[in-house]
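User: Could you walk me through how to read a few features of this model, starting with burial and charge pairs?

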Amino acid sequence: ACDDWVIAAGQSGTDYAESLLDLLPGRRMVFASGVTGSRKELANRVRRILKDHCSNPRTGRAWIMFLSIAATCLVIGVAFAQTRPAESARASEADSGTERQAIVATSEINGLITALSSAEWKERRQAAMALTRLGPYAEPAVAALTNALTDEEWQVRGAAAEALTSIGPAAASAVYPLIGTLYDVEWHVRRRAAEALAAIGAASKPATADLITALNDEEWQVRKPAALALGAIGPAAHEAIPVLIERLDDPEWQVRYAVADALEKISAGDKSSVPEIIEVLLDQEWKKRRSAAQALQKSLQEDKSRR
C-alpha cells in the first residue's frame, strides 16, 4: 500500500526502487528493517514497482464514498418501509420472549419435579430454588412442591414454600398443606409459608384462623407476612380485625405497617371496623395511635379512589 501511494504521488518507479535498495537491511537490527522487511520481500517489491504493477489507491476513496451513499440509502429505505408502530414491535418482542420462556419452562420442569425426589437434600433444595426462578410457569410442579413442604430438611421445606410463593394464585391447591407449615419448628419456614399464603391471595381464606395465630409468632419476620396474608384475603378475613387492632402496637415498625395495610384492605367496602380503629386513636401508646391513623388514612384514600 505504501508503494502504491508513493508511485501515485508522481515519484519515479526507478528512483523509488533505488532508494529501497539503499535501505537493504544488514545483520544488525536497525530501523531500516522496518521499512524494507526481508530480502525476499524487498525483491518482490522492487520487481512490482519496476514492472509498473502498482495500482492507484485513490480509487478506494471513490468506492468508500459509493458504499457509504448506498448504505445510507438502504437505511433510509428500511426506515420508511417500517409500517408497524414501534409500540407494536415492542409488544411483539415481549410476546415472543414470553413464548420462549414458556418453552424453556416446559422443557425444564419435568426434570426439576424429578429432582424434588432426589436422595440428596441439597439437590431437592436446588430443584425447588430453580422452580422459584420459573415463577408462574412452575405451576405443573405445585403437587410436587406441596409434598416437599413435609421434607425432613427444613431448607427444602422453606425452598418449596418460596417456590409456591413465586407461582402465586395458581398454587391455591397448596393452601391446606401451607396451613400446617405455619407451625413448622423453623421460623424461616413459617415465614415462607405465610408469604406463600399472601401470594395466593383470596383463596387463602381457610387459613384465616391460623394466620391470626401467626400474628402472635415470636418472630416478627413471621408476623409481618401473616398480616399481609390476611390483607390479601380481604373482607373475608373480617374476624381478624380485633387481633390486628391489638397488633397495632407491635414493637417492630414493619409489622405495624403491614397490620395497618391489612386493616385497610379487610375493611374496604365494610366500615364496621372503623369505630374500633378510631378508639385506638385514644390509646396511651403513641406508636399504636400512629398505626391506627395510618389505617384510617389508607381507608380514606381507598374511598377517594373509588369515587
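**Burial, charge pairs and helix packing**

Analyst: Let's start with Arg-223, which has a relative accessible area of 8% and so is buried. The term "buried" stands for under 20% relative accessible area, "exposed" for over 50% and "partly exposed" for what lies in between, using a 1.4 Å probe and protein chains only. Please keep in mind that this is a predicted model, where local features need pLDDT of at least 70 and side-chain atom pairs count only at pLDDT 80 or more, while totals for chains, interfaces and linings use all residues. Residues are numbered from 1 along each chain as its sequence is written, and side-chain values use heavy atoms, with hydrogens and water left out.

User: Which residue forms a salt bridge with Arg-223?

Analyst: The general idea is that side chains of opposite charge can pair when their charged atoms come close. A salt bridge here is a side-chain nitrogen of Lys or Arg within 4 Å of a carboxyl oxygen of Asp or Glu. For Arg-223 the partner is Asp-250, with the closest N and O atoms 2.7 Å apart. Arg-223 sits in helix α13 and Asp-250 in the loop between α14 (241-246) and α15 (253-266), so the pair links distant parts of the chain, 27 residues apart. Helices are DSSP runs of H or I with at least four residues, strands are runs of E with at least two, and both are numbered from the N terminus. Asp-250 is also buried, because its relative accessibility is 0%.

User: How many salt bridges does the structure hold, and how far apart in helix α15 are Lys-265 and Asp-261?

Analyst: The structure holds 10 salt bridges. Lys-265 and Asp-261 form one, at 3.2 Å from N to O. They lie 4 residues apart in helix α15, so about one helical turn separates them. Lys-265 is partly exposed at 38%, whereas Asp-261 is buried at 15%. Elsewhere, salt bridges with shared partners join Glu-162, Arg-191, Arg-192 and Glu-195 into one network.

User: Which helices do Arg-192 and Glu-162 belong to?

Analyst: Their closest N and O atoms are 3.9 Å apart, and they form a salt bridge. Arg-192 is in helix α11 and Glu-162 in helix α9 (residues 154-167), 30 residues apart. Glu-162 counts as partly exposed because its relative accessibility is 29%.

User: At what angle do α11 and α13 pack?

Analyst: Helix α11 (residues 187-200) and helix α13 (residues 220-233) pack at about 15°, their axes 8 Å apart. They are therefore roughly parallel, a label for angles under 35 degrees. Contact means heavy atoms within 4.5 Å. On the α11 side, the contact residues include Trp-187, Arg-190, Arg-191 and Glu-195, and on the α13 side they include Gln-221, Val-222 and Pro-225. The contact divides into 10 nonpolar, 1 polar and 3 charged residues; nonpolar covers Ala, Val, Leu, Ile, Met, Phe, Trp, Tyr, Cys and Pro, charged covers Asp, Glu, Lys and Arg, and the others, Gly among them, are polar.

Key: Axes are lines fitted to C-alpha atoms, for helices over the stretch in contact, and angles run from 0 to 180 degrees between N-to-C directions. Angles under 35 degrees count as roughly parallel, over 145 as roughly antiparallel, 65 to 115 as roughly perpendicular and the rest as oblique.
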